[in-house]
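Me: I'd like a close look at one part of this model. Please keep it brisk, and define the terms as you go.
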Amino acid sequence: MLTADEYIKSLRKLNLKVYLFGELVDNVVDHPVIKPSINSVARTYELAADPDYREVMTAQSSLNRQVINRFTHLHQSTEDLIKKIKMQRILGQETASCFQRCVGFDAFNAVDSVTFEMDKKLDTDYHHRFRRFIQQVQEKDLVVDGAMTDPKGDRSLRPSQQADPDLYLRLVEEREDGIVVKGAKTHQTGALCSHEILAMPTVAMGEEDSNYALCFAVPSDSDNLVYIYGRQSSDTRKLEGGNIDVGNCRYGGHEALVIFDNVFVPKERVFMCGEYEFSGSLVERFAGYHRQSYGGCKVGVGDVLIGAAAQIAEYNGVQRASHIRDKIIEMVNLNETIYSCGIACSSQGVPTASGTYLIDLLLANVCKQNVTRYPYEIARLAEDIAGGLMVTLPSEKDFNHPEAGKYLKKYLKGVDGVKTENRLRMLRLLENMTLGTAAVGYRTESMHGAGSPQAQRIMISRQADLENKKKMARAIAGIEEEKQ
Ligand code: SF4
Ligand code: FE
């Protein structure tokens, strides 16, 4: 396994073409806007090296029996699936951010079982290629960006019907030694912190869309890959040099638009090329794993938000008010409900034909459906408890100014015995998580990440087995089965 320092050194060797604020970024690793997201991923390496977390953060590889970072593991049991959730909760607590390493983790677990089933049915050679790739990921302890979402253009049209054929990532050339692909993947979590990009189709494809049924891996610094960094609300506070107004002093997450401008993919890194009938199960399994993931990461971030709300209540002197206590209880209740779903879909996991374990898809979709609602309610209660000062607070620079600062220290004080600065810090953390840079991961991503709410409702309706439920009702009501 790599240490956190070795991980950061490995990123320095990458030559990524990144645009941010209208400029090409010279030094990605040390850029103050990007750095917090690298710190979050680095935490996944630090904790794996910490004996206190080894049990949950590491696993024994099913491929070479070595101890590996759990983020590179193929799940071999329901216990592995449960440990994944526990690991994500811990990292959410540690970073109060998206730590970005789960998307690739979820992607390669999905690709593993689907390529196995493809080879079995179609006599292709994808699974062996994929296993060679994943062995490298494990041995080198790499971060993989799981790239699913295409720009999609006109949502009412299939990939091949779009006016611009590049709005879904597509095959443009097939060569002896590999393929050339063109298109883009949108909101790619942690793309700049990744060594590899594992691309997958974004929807179930029909035969007419077979040029879009693609799955492959390329190094993140491949020729003709372009990254355009996604900005977040309050992101320029990271350029101001202080450490109060940013809210979270060390950690963050990011998304980027990744453009494949005729990128060559060597043959041994192609894991699906035209087998459209398997695109649906790849999408369904990846989405299922990532919907499970939210039952861990969002809960850990929620723990910090609940802590911040309880802490600001103390700083404001309202912690004994019964309605405040009740609101905090409600936040815990909602947060633990999400966790229960994460644990439930993991504990009901089943082995696939490749041996890799899959979560219970119905429960994983219910998990994510709750995530589209509960973090919003938790955030609403946190804002309620924090009070309006969270959004009217003067800047850190005013606080440090000799004259303005004197007034702020005096008039923004809460209970005696707590420094005004600490009250400010807690309010800024609450602002960061509900409205600032971290709100991307905690709020809007709770809605749209791993698929928007309607995508889960479609899956829930598919898995609900209503016919069987109706049969149960008929039996209990004493209705005889009618002959057809
Ligand atoms: Fe991991 Fe959560 Fe970020 Fe997805 S949103 S990459 S599950 S931390
Ligand atoms: Fe996500």
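Is His290 buried or exposed, and at what relative accessibility?

Reply: His290 is buried, because its relative accessibility is 7%. (Buried means under 20% relative accessible area, exposed over 50%, and partly exposed in between, with a 1.4 Å probe and protein chains only.) This is a predicted model, in which local features need pLDDT of at least 70, side-chain atom pairs count only at pLDDT 80 or more, and totals for chains, interfaces and linings use all residues. Residues are numbered from 1 along each chain as its sequence is written, chains are lettered from A and ligands numbered from 1 in written order, and side-chain values use heavy atoms, without hydrogens and water.

Start with the metal. His290 coordinates the iron ion (ligand 2) through NE2. (Donors are N, O and S atoms within 2.8 Å of the metal, or 3.2 Å for Na, K and Ca; water is not among the atoms, so sites may look incomplete.) In sequence, the donor residues follow the spacing H-x3-Y-x150-E. His290 sits in helix 7 and Glu445 in helix 15 (residues 439-448), so this pair links parts that are 155 residues apart in sequence. (Helices are DSSP runs of H or I with at least four residues, numbered from the N terminus.) Glu445 is buried too, because its relative accessible area is 12%.

Now step out to ligand 1. His290, Tyr294 and Glu445 are among the residues that surround ligand 1. Others include Cys98, Phe99, Ser293 and Lys298. (Near means that a heavy atom of the residue lies within 4 Å.) Six residues of this shell are nonpolar, three are polar and two are charged. (Ala, Val, Leu, Ile, Met, Phe, Trp, Tyr, Cys and Pro count as nonpolar; Asp, Glu, Lys and Arg as charged; the others, Gly among them, as polar.)

Which helices build the shell? Helix 5 (102-122) and helix 7 (279-316) each supply at least two residues. Helix 7 gives the most, with five. Domain 1 (4-277) and domain 2 (282-465) both contribute to the shell, so ligand 1 lies between them. (The bounds come from an automatic or database domain assignment.)

Finally, look at two loops. Ala96 lies between helix 4 (78-95) and helix 5. Its phi is near 50 degrees, a positive value in a residue other than glycine. Ala96 is buried, at 5%. Ala450 lies between helix 15 and helix 16 (453-463). Phi of Ala450 is near 60 degrees, also positive. Ala450 is buried, at 15%.
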